[in-house]
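Walk me through the fold of this model.

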Amino acid sequence: MPIADFGGQPTPSFDVWADIQQLLQFHFMQNAFIAGTIVAALAGLIGYFMVLRGQSFAGHTLSQVGFPGAAGAALVGVTPALGLLVFCVGSALGIAALSDGRGRERRAETAAIGSILAFTLAVGFLFASLYGGFVEGVYAFLFGTFSGISDSQVVMVAAVAAVAVAILICIGRPLFFASVDAEVAAARGVPVRALAVAFLVLLGLAVAETAQITGTLLVFALLVAPAATAQQLTARPGLGMMLSVVIALLVTWLGLAIAYFTVYPIGFFVTSLAFASYLGARAVRWATRASGRRAAALA
Amino acid sequence: MRLAEIVEPPALAKPAPAIALSFRGAGVRLGGRWIWRDVDLDVEQGDFVAVVGPNGAGKSTLLKAILGLLPLSSGSVEILGHPATRGNRDVGYLPQRRSFDPDLRIRGVDLVRLGLDGSRWGVPLPGVGHRNTTARRRVDEVIELVGATAYARRPVGELSGGEQQRLLIAQALVSRPSILLLDEPLDSLDMGNQQSISALVQDICRTQRVAVLLVVHNVNPLITYLDRVIYVANGRTAIGSPAEVITSETLSRLYDSPVEVFRTKDGRLVVVGQPDVAHFHADS
């Protein structure tokens, strides 16, 4: 692990202010925190819509597509971030083209996604074996890293996130309408099909950026778990989106901090924290329901 | 209220009732066959109209033509004197459906609010702007109107079929349409809920002066609430009061073959000898 390069394993003092200063003393940690914050906010927001639309499988596939994207980039000799972006957005368009996109029946979409998933993984395998001697890089791309985020990568993450959020702000309300009730939205003049394509592209962008922090296999930690947790806790859309972003941010910051002070990889901590928050929310809802039933039974 | 202003007559002569919806020689052709053609009918404001007929006769197609979702192959459909177009705010719509996903974590009020401004671009800004306050008041008002206040703040997925149906009617009504199209809203409901939703819709027609077209499989549960019936069969339509339309003469003429209508002791109508619809579509 690269932490060894900085003179031994850092230990937390459990004085919050001192620990934050210690965390941010190195440039690579500053970059990790900036990129992590942007990515968490983006994933929390897009993830809310993904869970609402029931498109978690599409998100899963797009994240796996990051692997051939990164491998292809290494093979061609460009930055992996670019490979991720091209492959994720390309596959998003592929899913949109192969499914009917009406949102109510997801059978065609699920089959299309499964086929794309298998094919892109095979392509990634081919790229990796053509490249040879790739093992170290593949590992980082599958499970994430936080020590290797360059300044230019931070700029790119920020730019892509800004574009994605700007698009989401423009289409937010009709997209919400189409996600909840596609048929009525269509009758009201909402371009449901075009919005479905636009959302898949946004999802591709979010996945490509998130994968750079969490690794392609663990994108789900930030994309699904915070949004699913938020939707367990509240049925208010505005509050749900905010909660989703806040949970993604907390999970990322805590994950980065714990990873810094230990020898274990960040992907593990971010994913475990996200999973814990989801389990916690399910438990809370189960408990409130049970007490509600008990109150109803007594009344 | 906007609608009231249009409808309220200047106290002169007896006003002619305003026509909410009119079909003139309208026909729809899909996949090379006419679903229905030469349809002429007028629906007045405040009318409660049931659309009945056998499966596959084109009842939902009639609604889609009014919504502007299907192009007409002939004739015209006008709403308050304007050609039917997609996204018309004068038309509220409740599509045929089973029910919402039990895991859908959206409150009833959010669902109703979408009927007001869901198709507008951008995102609603949180806060207390004038538009927001007005919108919230309107949403509460229409939820009160359909009697859904008690559960409007619970997630829709957790509500019963009848409760979801009331909220969806509120959603369709919230933008103050002149015409409300309800596609089989009674389908998945028990008898009690069928009665109460029918009474609610009749009340909406009377108090809000909204013309309602309600597609229904079995006209009996709501026959006492109705003003008129549109019977769709055999590529043709007939409109009139239930007593005029659901008769042996009218239905036999519509089907081109003898059909008999019986009235049971408790006032229910039974149609006998209604030919299979598929038969009619096989030749054209």
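**Sheets, helices and the chain contact**

In chain B, four strands make an open, antiparallel sheet, ordered β2-β1-β4-β5. Its edges are β2 (33-44) and β5 (82-83) of chain B; each has a single partner strand, so one side of each lacks a neighbour in the sheet. The model is a predicted one.

Now look inside this sheet. Strand β1 (residues 19-30) of chain B runs antiparallel to strand β4 (residues 74-79) of chain B, and five bridges join the pair. One point to find is B:Phe23, which stands opposite B:Val77 in β4(B). Helix α2 (residues 59-67) of chain B lies across β1, β2 and β4 of chain B. The helix runs at about 115° to β1(B).

A further sheet in chain B is open and has six strands, in the order β6-β7-β8-β3-β9-β10. Its pairing is mixed. At the edges stand β6 (91-94) and β10 (236-240) of chain B, each with a single partner strand, so one side of each is left without a neighbour in the sheet. From one strand to the next, the twist averages 15°.

Strands β3 (residues 48-52) and β9 (residues 228-233) of chain B supply a parallel pairing, over four bridges. Here B:Val49 has B:Arg228 in β9(B) as its bridge partner. Helices pack on this sheet too. α2(B) lies across β3, β6, β7 (179-183), β8 (211-215) and β9 of chain B, at about 145° to β7(B). Helix α8 (residues 248-255) of chain B touches β9 and β10 of chain B, and its direction makes about 30° with that of β9(B).

Next, a helix pair. How do α3(B) and α5(B) pack? Their axes are 7 Å apart, at an angle of about 30°; α5 of chain B covers residues 161-173. An angle under 35 degrees counts as roughly parallel, and therefore α3(B) and α5(B) are roughly parallel to each other. The crossing is right-handed. From α3(B) come B:Gly108, B:Leu111, B:Val112, B:Leu114 and B:Gly115. They meet B:Leu167, B:Ala170, B:Gln171 and B:Ala172 in α5(B). By class, this contact has six nonpolar, three polar and no charged residues.

Last, the chain contact. Chain B gives 22 residues and chain A gives 21 residues. Which helix gives the largest share of chain B's side? Helix α3 (residues 108-117) of chain B does, with four residues. The side of chain B that touches chain A divides into 12 nonpolar, four polar and six charged residues.

Conventions: Residues are numbered from 1 along each chain as its sequence is written. Chains are lettered from A and ligands numbered from 1 in the order in which they are written. This is a predicted model: local features need pLDDT of at least 70, side-chain atom pairs count only at pLDDT 80 or more; totals for chains, interfaces and linings use all residues. Two residues are in contact if their C-beta atoms, placed from the backbone, lie within 7 Å. Helices (H or I, at least four residues) and strands (E, at least two) are DSSP runs, numbered from the N terminus. Ala, Val, Leu, Ile, Met, Phe, Trp, Tyr, Cys and Pro count as nonpolar, Asp, Glu, Lys and Arg as charged, and the others, Gly among them, as polar. Axes are lines fitted to C-alpha atoms, for helices over the stretch in contact, and angles run from 0 to 180 degrees between N-to-C directions. Angles under 35 degrees count as roughly parallel, over 145 as roughly antiparallel, 65 to 115 as roughly perpendicular and the rest as oblique. A crossing is left-handed if the near helix is turned anticlockwise from the far one by less than a right angle, and right-handed if clockwise. Two strands pair if DSSP finds at least two bridges between them.
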